[in-house]
Amino acid sequence: MTEPLDQLEQVQRIAGAILDKKGEEVVALDVRELVSFADSFVLATGTSDRHVKTLSDAVTELGRELGLESHGREGYADGRWVLIDLGDVIVHLFQQEVREHYDLERLWGDAPALAVGE
């Protein structure tokens, strides 16, 4: 049996899956000190509703492969902002104008960034 991935490894694998599907502006935030419901947020931008759905499918599949418990996925039908709750990691996938409107990086500006690489 393999060891479970730590927070940074989970985030890096999720970010890698997004980058592999050409997701843009991938950012990860460590929110452990700010909220009780998650350890990390991963944010990324897709170029269209189809692209956001493709990113969502890749993250959902990776979550299954990693054995992360999925607590739900919201917004998939529209593909403008998809939220995937993987327990300790919450993934936000946006179209550009939606990401700019909600500006979660500013809202969670006190959260340290995690290295995700590109």
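**Close-up views of a predicted protein chain**

**Figure 1. Overall fold of the protein chain.** Along the sequence, the protein chain runs in the order α-β-β-α-β-β-β-α-α-β, which amounts to four helices and six strands. Helices (H or I, at least four residues) and strands (E, at least two) are DSSP runs, numbered from the N terminus. The radius of gyration is 13 Å, close to the 13 Å given by the globule rule for 118 residues, so the chain is as compact as a globular protein of that length; the radius is taken over C-alpha atoms, and the rule is 2.2 Å times the number of residues to the power 0.38. The C-alpha atoms fill a box of roughly 40 × 30 × 25 Å along the principal axes. The model is predicted: local features need pLDDT of at least 70 and side-chain atom pairs count only at pLDDT 80 or more, whereas totals for chains, interfaces and linings use all residues. Residues are numbered from 1 along each chain as its sequence is written, and side-chain values use heavy atoms, with hydrogens and water left out.

**Figure 2. Helix 2 and its packing partners.** Helix 2 (residues 49-66) has 18 residues and spans 26 Å from its first C-alpha to its last, close to the 26 Å expected at 1.5 Å a residue; the expected span is 1.5 Å times one less than the number of residues. Its buried residues (under 20% relative accessible area, 1.4 Å probe, protein chains only) are H51, V52, L55, S56, A58, V59, T60, L62 and G63. These residues pack against helix 1 (7-20), strand 2 (40-46), strand 3 (72-74), strand 4 (81-85) and strand 5 (89-95). Just after helix 2, G67 adopts a positive phi of about 75°.

**Figure 3. Surroundings of W108.** W108 occupies the loop between helix 4 (104-107) and strand 6 (113-114). Apart from neighbours within four places in sequence, W108 is in contact (heavy atoms within 4.5 Å) with L29, L34, V35 and F41. W108 and L29 are 79 residues apart in sequence, yet their C-alpha atoms are 8.1 Å apart in space.

Figure 4. Most residues other than glycine have a negative phi. K22, in the loop between helix 1 and strand 1 (24-30), has a positive phi near 70°. K22 is exposed (over 50%), with a relative accessible area of 63%. D103, in the loop between helix 3 (96-102) and helix 4, has a positive phi of about 45°. At 26% relative accessibility, D103 is partly exposed, a class lying between the buried and exposed limits.
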